[in-house]
Amino acid sequence: MGVLAAACSPEKKAEQKAPPTEVRLAVHKSFDLPQPLIAKFEQENHAKVNVIKVGGGGELVNKLILSRAKPVADAVFGLDNTTSAKAREAGVLADNQPASAETDTPLYGALAVDYGYVTLNYDKAWFEKHRVPLPKSLDDLATPAYKNLLAVPSPATSGAGLGFLLANIQAMGEEKALAWWGKMRANGVKVTPDWNAAYYTEFSQNGGARPLVVSYATSPAAEVFFSKGKYTEPPTGNLFLQGGVFRQVEGAAVLRGAEQPELAAKLVQYLQNGDVQKAIPESMWVYPAVKGTPLPPSFKSAEQPKFSNNPSEVDIQANRQRWVEGWLRVVEK
């Protein structure tokens, strides 16, 4: 009885650990990190990570702006070089961000975590079966031979879709790019709300009717990896056409008004941790941003384009709204 009383004494109770502190991380719907890595951060920081999936990249930033008076999270992952300046200027990011590791590419107002290339993917079997030659330019895509063949995520709600539009404008100029989109609308382009719908619903490789899709340069390698031995070579390929390649850089940042700013800063930095960076390629099928991070063998079949059509982040921030509104008038009128 005396032992039991001692175990339940106020002094012993005080020695018991407090429950973990919750830190909230807002992410886009494509965020995927192995649970053991999240658990490692939780154990090392006596924390509980609450991952809040918000939607596509554009939806994520819009949600953060709408909720800035009462932030839905403490930190965010999924800002990219099409949205980070928008988030910064809208006042949703903390003024002081944690120090970044050395990266292959910077990201305005945030810590770069990964990067990839938005480009066109094609279904090899479809083109072989129908004996249709691959388009050699964006102008080719607007001709009758490619009518009803392309699926694209909307630049109004998707980071990939916006990246593709920005590449078009950088290469062709605003006027010619929007005129091209007018031709594409007449040629039956299929617009989806986000990348997932374009790739997993509309793309013929995944049972849809469209053998061309705006996706990522690493998607063909992912097809091999997830086929569990069915494919030794990618069943899809990349079309690196001028005006159709955008280098997308994603990152993380602490939000202004975070309830747990210190934990949020540690979590943001943790996304640049070596173990996390090594897991990113086969978790999210993009390249790790931190310099010197080794790539897995599965990335041997991944192609990196020799060019990209990127406006500067200053130009993106200054013109993005007008460009997207122009696209909406032309394509979804």
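This section describes strand pairing, nonpolar cores, a helix contact and selected residues in a predicted model. Residues are numbered from 1 along each chain as its sequence is written, and side-chain values use heavy atoms, with hydrogens and water left out. Because the model is predicted, local features need pLDDT of at least 70 and side-chain atom pairs count only at pLDDT 80 or more, whereas totals for chains, interfaces and linings use all residues.

Helices (H or I, at least four residues) and strands (E, at least two) are DSSP runs, numbered from the N terminus. Two strands are taken to pair if DSSP finds at least two bridges between them. Burial is expressed as relative accessible area, where buried means under 20%, exposed over 50% and partly exposed in between (1.4 Å probe, protein chains only).

Strand S9 (residues 246-254) is mostly covered, with eight of its nine residues buried. Strand S3 (residues 75-80) runs antiparallel to S9 and is joined to S9 by five bridges; here alanine 75 lies opposite valine 254. Strand S4 (residues 111-123) also pairs with S9 in the antiparallel sense, over seven bridges, and alanine 112 of that pairing stands opposite glycine 251 in S9.

A parallel arrangement is found around strand S5 (residues 150-153). Three bridges join S5 to strand S6 (residues 190-192) in the parallel sense, and two bridges pair S5 with strand S7 (residues 212-216), also in the parallel sense. Alanine 151 has lysine 190 as its bridge partner in S6 and valine 213 as its bridge partner in S7. Leu150 and Val152 point one way from S5, Ala151 and Pro153 point the other way, and all are buried.

A nonpolar core is defined as a set of buried Ala, Val, Leu, Ile, Met, Phe, Trp, Tyr and Cys residues joined through side-chain atoms within 4.5 Å. In soluble globular proteins, nonpolar side chains tend to be buried together. The largest nonpolar core has 44 residues, of which Leu120, Leu141 and Trp181 touch the most other members. Helix H8 (residues 159-172) gives the most to this core, with seven residues. A second, separate core of 30 residues includes Phe31, Phe77, Val276 and Ile280. With contact meaning heavy atoms within 4.5 Å, and residues up to four places away in sequence not counted, leucine 141 touches Leu120, Pro135, Tyr146, Leu150, Trp180, Met184, Asn187 and Leu212.

Axes are lines fitted to C-alpha atoms, for helices over the stretch in contact, and angles run from 0 to 180 degrees between N-to-C directions. The axes of H8 and helix H14 (residues 313-331) come within 11 Å and cross at roughly 100°. H8 is therefore roughly perpendicular to H14, a class that covers 65 to 115 degrees, with angles under 35 counted as roughly parallel, over 145 as roughly antiparallel and the rest as oblique. In this contact, Leu162, Leu165, Leu166 and Ile169 in H8 meet Ile316, Arg320, Trp323, Val324 and Trp327 in H14. The contact residues divide into eight nonpolar, no polar and one charged, where Ala, Val, Leu, Ile, Met, Phe, Trp, Tyr, Cys and Pro count as nonpolar, Asp, Glu, Lys and Arg as charged, and the others, Gly among them, as polar.

Most residues other than glycine have a negative phi. Histidine 46, although not a glycine, has a positive phi of about 45°. Histidine 46 lies in the loop between helix H3 (35-45) and strand S2 (47-55) and is partly exposed, with a relative accessible area of 28%. Arginine 131, also not a glycine, has a positive phi of about 55°. This arginine is in the loop between helix H6 (124-130) and helix H7 (138-141) and is exposed, at a relative accessible area of 75%.

Threonine 21 belongs to strand S1 (residues 21-28) and is partly exposed, with a relative accessible area of 29%. Apart from neighbours within four places in sequence, threonine 21 is in contact with His46, Ala47, Lys48, Gln260 and Leu263. Glutamine 277, in helix H13 (residues 274-284), is buried, with a relative accessible area of 0%.
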